[in-house]
Amino acid sequence: MPEGWEWCRLKHVCMMSAGKAKPTDQIMTEPFEGCFPCFGGNGIRGYVDEYNQDGIFSIVGRQGALCGNINIAKGKFYATEHAVVTTLFSGIDFNWSNYVLEALHLNSYATGAAQPGLSVANVLNVFVPVPPTQEQVHIGIRIAESIKIIENIKDEKEDLQTLISSAKSRILDLAIRGKLVPQDPDDEPASVLLERIRAEKEELIKQGKIKRDKKKSIIFKGEDNSYYLQTGNLIENLNDWDLDDIPESWSLCCMGELCDYGNCINVDTEKIANTAWILDLEDIEKDSGKILQKVRKAERNSSSTKHLFKKGQVLYSKLRPYLNKVVIADEDGYCTAEILPLDFIDAVLPQYALYYLMSPTFLKYANRCSYGIKMPRLGTTDGKKAVFAFPPYEEQKRICSYISKMFDKIDNISNSLL
């Protein structure tokens, strides 16, 4: 211990008094002149037990958390029954004493299982190192300055994370509108791809290999040059999507034309090997398209039915779409029924599909169409008729390459600053 410091018990530094309840009709509802309100350990403001003393006071919650302080020369105040009032002796700096009380982690001295509380007598016997008064003042000042710097850093980190998230959202928004990379006139237009896809499906329907979707939705361009969605006899405009200005080589279609949204293979967990990958929602990082962890069946206690997925499929969380949890499977596995394995046709790159599902435009739609208050989900019908901005295949490659490079740069900058 530094020269000039001394060990002593807390009772040699301060006195402690516990608040006591008093009848409601005797409690003042408003502070009067010279009266200061205190806060108890539960954070509830009150005027319960009256103190009329000169000095400097700290308020410690009965459960051991330092929850407030009062620094006055003279006055009257009330403390709740959940508070312990600390009166400092001469020569003890107010700020330093509060930092000491916080550093002691007084909650470790609380007793009682259901409602743990501080025993004032036990706390007053705790040993503390006490520096000279002037050094206490300097320590208090330096700690306050350090805390302010730390809080500023935390605020800057939060601001930076917000900027990073906004930057990535903006990049995705530009990408799905054809404004991120230039168009190449030599690329095969998406409309040609789309017609070929539709023709192949019609042939499969004729051969009886697949059934025609009775709730099929199609998108067409009206005489006013705006896009419309038709489902049966119902026609809706697509103004909310704000995609009227996509490049000429692009097409708008329904996602159900490009993937098997909602068509899943269910597997009983008992039939899954212990070495198999079991993907749950908590394993996916929101907003990043990344997997946080891989857990095998032997490591996870799970009994519910799972969805089978294959390597290369896009795994989309239909539960709470606002969390934006989408990844691409890098191996075969099984996932919770809240995750939909999406098998896009060859004309759609899985990476582009992932970026589209993560875009603010699709998020807005998914959140608007989700059903359920506490556990909102994007249903199969709405998922199938979701608008998909469909670029030429070669442009999808350029878009994905550009986004990947930009996201890597942003992440590197973020990691170097945080």
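Student: Which backbone oxygen does the side chain of Lys325 reach at 3.3 Å?

Tutor: Good place to start! In this predicted model, Lys325 sits in the loop between β16 (314-317) and β17 (326-328). The backbone oxygen of Leu281 lies 2.9 Å from a polar atom of the Lys325 side chain. At 3.3 Å, that side chain reaches the backbone oxygen of Ile284.

Student: Is Asp411 buried or exposed?

Tutor: Let's find its surroundings. Asp411 forms a salt bridge with Lys290, N to O at 3.4 Å. This pair links distant parts of the chain, with Asp411 in helix α8 (residues 393-417) and Lys290 in the loop between β14 (278-279) and β15 (306-309). Because its relative accessibility is 16% and the cut-off is under 20%, Asp411 counts as buried.

Student: How many residues apart are Glu338 and Arg377?

Tutor: Nice one! These two form a salt bridge, with their closest N and O atoms 2.7 Å apart, and both Glu338 and Arg377 are buried. Glu338 is in the loop between β18 and β19 (339-342), while Arg377 is in the loop between α6 (360-369) and α7 (380-384), so the pair links distant parts of the chain, 39 residues apart.

Terms used: Residues numbered from 1 in each chain as written. Predicted model: local features only at pLDDT ≥ 70, side-chain atom pairs only at ≥ 80, totals over all residues. Heavy atoms only, no water. Helix = DSSP H or I, 4+ residues; strand = E, 2+ residues; numbered from the N terminus. Polar contact = N/O pair within 3.5 Å; in protein donor to acceptor, adjacent residues only side chain to side chain. Salt bridge = Lys/Arg side-chain N within 4 Å of Asp/Glu carboxyl O. Buried < 20%, exposed > 50% of the residue type's maximum accessible area, 1.4 Å probe, protein only.
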